[in-house]
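User: I am new to this structure. Can you show me how to read it, feature by feature?
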Amino acid sequence: MRRRSDVVWRQVDGSIVVLDLRTSQYFSLNPSATVLWQLLQDDTDVDTLVDALVEREDVDRERATSDVGAFVEQLRSLRLVDD
Amino acid sequence: MTERRGPLAPFARRVHAAVLVPPVLLWLAVAEIGVRTVRLPTLASMMGVPFSADPVPEPAPSDASATLALTRGERRRLRVLERLVSVWPFADGPCLRQSLVAGRILRRRGPVLRLGVALDGADLQAHAWLQLGAVTIGSPAHFSALTAG
C-alpha cells in the first residue's frame, strides 16, 4: 500500500494537510497519523505501520494495531492510497 | 513605470478596457467553470500554467514586481484581472481563479501553479499562487506549498 500519486500534502504545525487533486478535497491528519502518512510514500504493509507507531508514539501493540487498522480503512475509503 | 497621461487618457483607458476586459473575463469564466468540473492539474495545464508539486526553490521572493520585467500589455491585463477578481461573485477566495488566469496571461514565461496551506488554529486556509522560476506572484509568506514528496 502507498500514497496515490495524485495526492499532494504538507506538514503544517505538526499536522499533515492532504489535497486530493482528483476531487480538490482537503484532509487534515492528526500528529499520530503523520508518522504513518510519511511511511506511505513507499510501498508499505500494515505490520510496518504498526511497528512504526509502537516505536515512535510509545503505544502498546494492541492499541497500535487498532489505530493503524482504522487509519488504513479511512485512507482506503477516501481513496488516498493504492493497494 | 508610469504611463503618460494626457487629455485623451480617459478615452484611452476606456478603449483599453473595451479591448482587454472581454478576453480576461472569458478566461475567468473558463477558470470558474473549470474548477467545478475538471481535475485541477488538467485545468491548469489547459490554461497554460501547469500545477507543480515539486519542492519550492529557495529563496523565493514574495514580490514579483522587483524581479519580473512585465510588458505593458501584461501589466494592463493583470490590472484588469485584479479589478474583475475584486468584484467576482462566484468564489469567496478567488486566488485560484486569479492565478489560473494570471498564468494564462503570463504563459509565455513558463509559470507554474502552486497551492499552499496554513492552519489558523483549527481552521485550514488554502491559497494559490504563481511561480516563475524563483519568483512568486501572489504568495503570502505564511502559506506552505503542497508537494508530492
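User: How many helices and strands are there in chain A?

Analyst: This is a predicted model. Chain A has three helices and five strands. Read from the N terminus, their order is β-β-β-β-α-α-α-β.

User: What does the radius of gyration of chain A say?

Analyst: It is 12 Å, close to the 12 Å that the globule rule gives for 83 residues, so chain A is as compact as a globular protein of that length. Along the principal axes, the C-alpha atoms of chain A fill a box of roughly 35 × 30 × 20 Å. Of its 83 residues, 25% count as buried.

User: Which strands of chain A form an open sheet, and in what order?

Analyst: There are three strands, in the order β2-β3-β4, and the pairing is antiparallel. Now look at the edges. In chain A, β2 and β4 each have a single partner strand, so one side of each is left without a neighbour in the sheet. Neighbouring strands of this sheet are turned by 20 degrees against each other on average, direction ignored.

User: How many bridges hold the pairs β2(A) with β3(A), and β3(A) with β4(A)?

Analyst: β2(A) and β3(A) pair over six bridges. For β3(A) and β4(A) there are five. You can check each pair by a residue and its partner. R10(A) stands opposite V17(A) of β3(A). L19(A) faces Y26(A) of β4(A) in the pairing, standing opposite that residue.

User: What packs on this sheet?

Analyst: Helix α1 of chain A, residues 31-39, does. This helix touches β2, β3 and β4 of chain A, and its direction makes about 60 degrees with that of β3(A).

User: Which residue takes a positive phi in the hairpin of β2(A) and β3(A)?

Analyst: That is D13(A), with a phi near 50 degrees. The hairpin has two residues between the strands.

User: On to chain B. What does its secondary structure come to?

Analyst: Chain B has four helices and four strands. Buried residues make up 32% of the 149 residues in chain B.

User: What share of contacts joins residues at least 24 apart in chain B, and what share in chain A?

Analyst: Count contacts between residues at least 6 apart in sequence. In chain B, 68% of these join residues at least 24 apart. In chain A, residues 24 or more positions apart account for 36%.

User: In what order do the strands of the open sheet in chain B stand?

Analyst: The order is β3-β2-β1-β4, with antiparallel pairing. At the edges of this sheet are β3 (135-137) and β4 (144-145) of chain B, each with a single partner strand, so one side of each is left without a neighbour. Nine bridges join β1 (residues 112-120) of chain B to β2 (residues 123-132) of chain B. Within this pair, G116(B) has H127(B) of β2(B) as its bridge partner.

User: Which helix lies across strands of chain B, and at what angle to β2(B)?

Analyst: Helix α4 of chain B, residues 95-105, lies across β1, β2 and β3 of chain B. It runs at about 5 degrees to β2(B).

User: How many residues of α4(B) are buried?

Analyst: 11 of its 11 residues are. Among them are C95(B), L100(B), V101(B) and I105(B). The cover includes α1 (9-37), α2 (40-46), α3 (72-86), β1, β2 and β3 of chain B.

User: How are two packed helices described?

Analyst: By the angle between their axes and the distance between the axes. Take α1(B) and α3(B): the angle is about 65 degrees, and the axes are 9 Å apart. Their crossing is right-handed. In α1(B), residues including L20(B), V24(B) and L28(B) take part, meeting residues of α3(B) that include V80(B), L81(B) and L84(B). By class, the residues of this contact divide into eight nonpolar, one polar and two charged.

User: Last, how many residues of chain A are in contact with chain B?

Analyst: 13 residues of chain A are in contact with 15 residues of chain B. On the chain A side, β2 (7-12), β3 (15-20) and β4 (25-29) each supply at least two residues. The largest share, four residues, comes from β2(A). This side of chain A has seven nonpolar, three polar and three charged residues.

Terms used
Residues numbered from 1 in each chain as written. Chains lettered and ligands numbered in written order. Predicted model: local features only at pLDDT ≥ 70, side-chain atom pairs only at ≥ 80, totals over all residues. Pairing = 2+ DSSP bridges. Contact = placed C-beta atoms within 7 Å. Axes fitted to C-alpha atoms, helices over the stretch in contact; angles between N-to-C directions. Buried ≥ 20, exposed ≤ 12 C-beta atoms within 10 Å, placed from the backbone. Nonpolar A, V, L, I, M, F, W, Y, C, P; charged D, E, K, R; others polar. Left-handed = near helix turned anticlockwise from the far one by under 90°. Rg over C-alpha atoms; globule rule 2.2 N^0.38 Å.
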